[in-house]
Amino acid sequence: MKLPPAVVCLLLILVFFDAARVEARGTPSAQGARNQWSSMFVFGDDFVDNGNRPNITGEKTSRQWSYPYGSYLNSHYSTSPVLTGRFSNYRMQSDFIARMLGLHEAPPAYELTEDQSCDSSGMTFASGGAGVFKVKTKKVPTLAAQVQTFKRLVKDGVISTHQLHHSIALIAISGNDYMSDSDIETGFYTSFDDLDTYVGNVATEILDNVAQLQMLGVRKVIVNNLHPIGCTPLHTSSNNYTTCDLLGNYGASVHNKYLKQMLEERDNVHILDLYTAFTDIINHAPGGGSAESKNFKGKLTPCCESTYKGGYCGERSNSGKRLYDLCDTPDRMFYWDQTHPTHAGWEAVMKALQQPLMEFLDEDYVA
């Protein structure tokens, strides 16, 4: 049967667009990942906590519920900041990943969600200050405890099997296990004794929780490696914010070595290389670094800084006087406070990591 010319033309157009659609699969600009992964479950610490830590007046650990945390974008921003419990001046890592999936922002915090409900976008279980082991001075759920809460919601049917089959998980463990109030017996920043053993235990615990999430039905898991913690203002303040602490960065590299060894051969798991992304912006050789590095005038200095030793961003005296200094342009500063990036900092980091992340999400799921 001979087809009319108009029909032949239509078929050629359909074949062309179908071929173009197939060609686009697996590229960062393709929409496949956004359609396939509609839910996100977030675990870890303050890099991704969007409201699970309680608001306790006067508590240093609750500063994320106080001005200038929230939506402080610059000194001329007329609207009062909206406090969301995020450890940043606006959005943070999980928000940018959520937007890559086509979501508006990171999924709601577990503690702010009504019982027996789970948003279609997923849920955030992360809690500021958490690690894989208990932190002595903070009553926060460990990574394993967060995963157990997730497991209970799956078992009770609050999180459905269908939602799990279209979900990814993000695990952000950012160094609380290596801080002075952690459960480590040997000071991490003062001795190398038993360093390999302890760091290996931290990495093993992360691996165990990745396995738990996969057994529960999460299709793909994203795991942060450790950023160069020696470059945080907490450690650069001792030399007037000029250079990074080499010992702290060495410790991070040891952690990352173990993490890579344990996870790189595991199917459906992707390590987000925060160490390289941070370093390319804030701690590179003269003349080097990423294009994003040139956008920041302050790389090792915090935008929000206490006026006295031992204080914290957002602190006020009993009379209401500010006990911190605040920069005018957080969009030009990489760090917001002593340990957390600004909105602009996170945006630059996730821009650098977007392509490999989207390629991972576009890959076929390995059963």
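# A first look at this predicted chain

S174 sits in the loop that runs between strand 3 (167-172) and helix 6 (195-216). Welcome to the structure around that residue: it is a predicted model, and its chain holds 10 helices and nine strands. Of the 367 residues in the chain, 51% are buried. Taking contacts between residues at least 6 apart in sequence, 72% join residues at least 24 apart.

- With a relative accessibility of 12%, S174 counts as buried, because the cut-off for buried is under 20%.
- Leaving out residues up to four places away in sequence, S174 touches D45, F47, L226, H227 and I229.

- Helix 3 covers residues 93-100, and D95 is one of its residues.
- Seven of the eight residues of helix 3 are buried, so this helix is largely enclosed by the rest of the structure.
- Those buried residues are Q93, S94, D95, F96, I97, A98 and M100.
- D95 has a relative accessibility of 0%, and therefore counts as buried.
- A polar atom of the D95 side chain lies 3.0 Å from the backbone nitrogen of M92.
- Once neighbours within four places in sequence are set aside, D95 is in contact with R86, E105 and A106.
- Just after helix 3 comes G102, which takes a positive phi of about 95°.

**Where helix 9 meets helix 10**

- Helix 9 (residues 274-282) packs with helix 10 (residues 343-362) at an angle of about 120°, and their axes are 9 Å apart.
- In passing helix 10, helix 9 makes a right-handed crossing.
- On the helix 9 side, the contact is made by L274, A277, F278 and I281, while helix 10 brings W346, A348, V349, A352 and L353.
- Sorted by class, this contact has nine nonpolar residues, with no polar and no charged ones.
- As background to such a list, residues three or four places apart in an α-helix point the same way, because the helix has 3.6 residues a turn.

**D280, also in helix 9**

- D280 is another residue to look for in helix 9.
- Its relative accessible area is 33%, so D280 is partly exposed.
- D280 and S293 are 13 residues apart in sequence, and their C-alpha atoms are 7.0 Å apart in space.
- Apart from its neighbours within four places in sequence, D280 is in contact with G289, S290 and S293.

- K260 has its place in helix 8 (residues 246-263).
- From C-alpha to C-alpha, K260 and H270 are 9.8 Å apart in space, and they are 10 residues apart in sequence.
- N268 is found in the loop between helix 8 and strand 5 (269-272).
- At 10% relative accessibility, N268 counts as buried.
- The phi of N268 is positive, near 65°, and N268 is a residue other than glycine.

**Backbone features to look for**

- Most residues other than glycine have a negative phi, and most peptide bonds are trans.
- Q116 has a positive phi, near 60°, in a residue other than glycine.
- You will find Q116 in the loop between helix 3 and strand 2 (122-124).
- Q116 is exposed, with a relative accessible area of 58%.
- Y67 and P68 are joined by a cis peptide bond, with omega at about 10°.
- P68 belongs to the loop between strand 1 (39-44) and helix 3.

Conventions. Residues are numbered from 1 along each chain as its sequence is written. This is a predicted model: local features need pLDDT of at least 70, side-chain atom pairs count only at pLDDT 80 or more; totals for chains, interfaces and linings use all residues. Side-chain values use heavy atoms; hydrogens and water are left out. Helices (H or I, at least four residues) and strands (E, at least two) are DSSP runs, numbered from the N terminus. Buried means under 20% relative accessible area, exposed over 50%, partly exposed in between (1.4 Å probe, protein chains only). Contact means heavy atoms within 4.5 Å. Axes are lines fitted to C-alpha atoms, for helices over the stretch in contact, and angles run from 0 to 180 degrees between N-to-C directions. A crossing is left-handed if the near helix is turned anticlockwise from the far one by less than a right angle, and right-handed if clockwise. Ala, Val, Leu, Ile, Met, Phe, Trp, Tyr, Cys and Pro count as nonpolar, Asp, Glu, Lys and Arg as charged, and the others, Gly among them, as polar. A polar contact is a pair of N or O atoms within 3.5 Å; within protein, one must be able to donate a hydrogen and the other to accept it, and residues adjacent in sequence count only if both atoms are side-chain atoms.
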